[in-house]
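Hi everyone, thanks for having me.

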Amino acid sequence: MKFTLSWLKSHLETTASVDEIVEALTDLGLEVEGVENPAEKLSDFTIGYVESAEKHPDADKLKVCQVQTKDGPTQIICGAPNARAGITVVIASPGTYVPGIDTTIGVGKIRGVESYGMMCSEREMELSDEHDGIIELPSGEVGQSFTDWLADNDAAKVDPVIEIAITPNRPDALGVRGVARDLAARGLGVMKDRTVHPVAASFTSDLTVSIADDTLDGCPLFTGRLIKGVKNGPSPQWLQDLLRAIGLRPISFLVDVTNFFTYDLNRPLHVFDADKVAGNLRVHRAEGGETLMALDDKEYTFQEGQMVISDDNGPESIAGIMGGAETGCTEETVNVFVESAYWDPVQIAYAGRALKINSDARYRFERGVDPAFTPEGLEHAVRMIVDHAGGEVSEVIVTGAVPDVSRAYQLDTDRVVSLVGMEIPADVQRRTLTDLGFTLDAKDMASVPSWRPDVLGEADLVEEVARVASLTKLEGKPLHRAPGVARPVLTPMQKRASAARRTTAALGYNECVSYSFIDQQAASLFGGGDDATMLENPISSDMSHMRPSLLPSLLRAAARNQARGFADCALFEVGHAFHGGEPEEQHLQVAGILAGRTGPKDLRGESRAVDVYDAKADIEAVLASIGAPAKVQILRGGDGWWHPGRHGRICLGPKKVLGVFGEIHPKVLAEMDVKGPVVGFTVYPEEVPLPRKSATARAALQATDLQAVERDFAFVVDADVEALTLVNAAAGADKALISDVRVFDEFIGGSLGDGKKSLAVTVRLQPTDATLKDADIEAVAAKIVEKVTKATGGVLRG
C-alpha cells in the first residue's frame, strides 16, 4: 500500500514530519516498508542564472556559459540547444551526485576549456524523461535550493512516498483515509471532512440491474448511476501525479477515477461504456465454459459457480475482480455506467485464485471492504466525474440491500490491565475508540464501525486501545503469584552454581562429586594442611584435612583415570573450599582441569596438547554465564600451584579476583602423580558483583545497521612487554568507537633482533551515528599508534 505525504494530508490536518509519521505508523501496526523521498537525492542542486553564452572555440555544439551560482560567477560548458543568456537554470556544482547519469560532477576540461559544474535536464535529475534541453525555470533566486523551489512551485516532484505493509485483518488501512484515521487517533492530526454532495438526478435510467437469487449470498448489494454526455480524456495533472507516485500508469480520466478511489477510500469501482452494453446488466453465476476478454487483454474461461456480470450478449465483467475489454472506456466514450457493489470476500478469493488474476479490486474485496460505504463511494466517484468531465446523471440504481454487519461489545475499561498490562485512563480509552469510528453509549457498549470486520469481541476493543496508546510503553512485569505457588527459594549463589554447572558441562567437562576431606600432603600443596582445617576425628588418614581448593580432588581423579589408561580427560566440580575451621570460613568455587590432549590422533593432525588458552576460553565462558562483567583485567601473581609464566588472574582491580586460570605447576603434578600437561581454572562466584538492578526481562538488543570496520596493526615492542598492556592501550584510544581488540600474531626473532618481538592486533571499529569515512578511520588509527607507543614504548612495524 503506497501513498504520498500530500495525499495523506488531504485527509489529515497535520504538521507532523515524515519521520514522525513513519514512526507512528509502524508503532500502530501499519509497518512501514519504505520511504521514497525525492528531495533527498536533489538536496545538493541549486539555482543559477546564465549571464552569457558564447560559442566554444573548438566545438560547434558546445557553449561556454558564465553563470551566477551560489559560489559566485562560474564558467560551465554546456551542449544543450537551449543554453543561452538570460535563463534561470539548475546547477550541479563540483561534488554533486547526478542520479540520472550516475556520476559525481567534478572540475574538468572539455576541448581545452575548463568547466566548473553542470546545468541539468529533467532526465539527468530523474524528474521525467525530458532531455531535449536543460531545465528553464520561470522564477528562482541564485543560490536557492532547487528542492525548496520545487516544494513551492511543483510539489509533486518532491512529494515523499510511503509504503506500508497491511496485515489481512486490517482492510480498512487499504485506503489512505483509513491510514489517516489511525494517525488522528494517535494524536498526529485532525481528520478532514470529506462529505460528498450527491449529484442531483436529471433523468431516469433505462438500464437496469438484476441479481440472480442464487447469487445474493455473493453479491448482496449492487448500486450504479448512468452518466450521459461525459468528455473523457487525460486526467488532471494532480491526479496523474498521484497515480504515478504510487506506481500506477494514468490511462484516461474515467479509468483513473476508479483507481484513485480504490486507494483513496478503499472503494473499488468499475465504469462501463454504456453504449457498448447490450440490454441490461445482471449478476449471476457462470454455468461453466463462458469466456471473457478482460481489461488486461487476456481471455479467461469461467468455471461453474463463479460470479459474473453479463449483458444480453454474455459476460462483460469478472465480478469484483476485473472488467471486460468489450465494455471498457476509451477516449470516444460519452455515456458511462458507474458500478459500486459489495462482493463476498471468500467467493472473490476463490474465483481470483482459480482464474489466477491479481488485481487491486480482488486484493481489497477478498479482505473485506466497507459494505455500508458502497452507496457513498458511488456518489464520490460520480461527483468527481461530473465536476471534471461533465454530463447528466440518472437516479441511483440499487439492487439488493446493504448487509447488516452491525454488532456491539461491552467496553470494560479495567480489562486493559488484565489483558495487556497497561494502565490507561477510562476517558482516554473511550476517546480512542471514538476517534477510530466506534460509537459508545452511556453504558459503554461500543458499536463497531462497518469498516472494521476484524473487531469481533471485547478483547479486540482492548487491543485497539492498547495499539493506539502504543505498546512500546508496555513494561515487563512478573505475573501475580497464584495462591499456593511457592516463592523462589534459590539464593543468587545457588543460581550461579547451577548456571556454572550447566555451562561447564556444555563445554565438554565431566562433573565430579568428591569428599570435602583430603590428605595433608595434597592440602599443603594448595595453601592448606594447617591445624585450623584439620579434622579431630578423621575417618581415614587420606581424609585428614578440609580441602583448601577443589583442584586437589580433580587432580587425584585425573591420576586415577590416567592409571587406568584414560590419559585425556576434562573434569570439573562445583562446591565449597575451606580456609578455616569456622562455618563462615568457606567459599564457593567452580573448578575444572584439562589433561593430556584435545582429542585423539587424526589424519588432519588437529590433536594437540592442551594449553593455557583452552583454560582461558573456558573460564571466560563460565564467568559470562554467571553474569560477570565483560571488561576485566588479567594479571599475574597467582598462587604457587600455578605455573609462574603460564597463568592469569581475572580481576576487577588488583584486589577483586573473579577467577584464576593457567597451567598447573609441574612440581604439583609430580607430587600428585599426574602426567602433564594439565591446565585448569578456578572461579569464585561470590566475588562476581551482583547486578544493581534486577529485571524480569532481558534488556533490549542494542544493534546498529552501520558497517563495522577492522584494521590490523603490528607493533615491535620489548620482549617483556605483556600483550594485555598493548591491547588495553589500543582499546583506550577511542572507547566509544573501538568495540574489540584481539591479538592474532606474535613473532620473535628474525630481523627484529634480540630482546624484541612483534605483536599484531585487529582493532574493530563499530560506529553508532554515521558510517565511518576514510578520514575518521585514519584519525582513530593515529590515536591507536600514539597510545600504544606511549604505553609500551613500541613502534609501528614497517
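Okay, let's start with a pair of strands. Strand β5, residues 63–69, and β6 pair up in the antiparallel sense, over seven bridges. Before I go on, please keep in mind that this is a predicted model. The link from β5 to β6 is a hairpin, and it goes through two residues.

Now, why is β6 largely enclosed by the rest of the structure? Well, five of the seven residues in this strand, residues 72–78, are buried, so the rest of the structure largely encloses it. Buried here means under 20% relative accessible area.

Zooming in, β3 pairs with strand β13, residues 161–164, over four bridges, in the antiparallel sense. Look for G34 there: it stands opposite E163 in β13.

On to a loop. S252 sits between α6 (237–245) and α7 (253–264). Is S252 buried or exposed? Its relative accessible area is 6%, and the cut-off for buried is under 20%, so S252 counts as buried. And which residues does S252 touch, if we skip its neighbours within four places in sequence? Those contacts are N232, G233 and S235.

Let's move to a helix. Helix α16, residues 551–563, has 13 residues, and from first C-alpha to last it reaches 18 Å, close to the 18 Å expected at 1.5 Å a residue. Its buried residues include L551, P552, L554 and Q562. Just after α16 comes G565, with a positive phi of about 95 degrees.

Last stop, the largest pocket, which holds about 1800 Å³ of space. It has 47 lining residues, and the closest to its centre are K616, I634, L724, V727 and N728. Among the elements giving two or more residues to that lining are α17 (612–625), α19 (723–731) and β41 (756–765). Which element gives the largest share of the lining? That's β40, with nine residues.

Key. Residues are numbered from 1 along each chain as its sequence is written. This is a predicted model: local features need pLDDT of at least 70, side-chain atom pairs count only at pLDDT 80 or more; totals for chains, interfaces and linings use all residues. Side-chain values use heavy atoms; hydrogens and water are left out. Buried means under 20% relative accessible area, exposed over 50%, partly exposed in between (1.4 Å probe, protein chains only). Two strands pair if DSSP finds at least two bridges between them. The expected span of a helix is 1.5 Å times one less than its number of residues. Contact means heavy atoms within 4.5 Å. On a 1 Å grid over the protein atoms alone, a cavity is a set of points where a 1.4 Å probe fits but cannot get out, and a pocket is an open set with protein on both sides within 12 Å along at least five of seven lines; lining residues have an atom within 4 Å of a point. Grid points are joined across faces, edges and corners, and a volume is the space filled by probe spheres set on the points.
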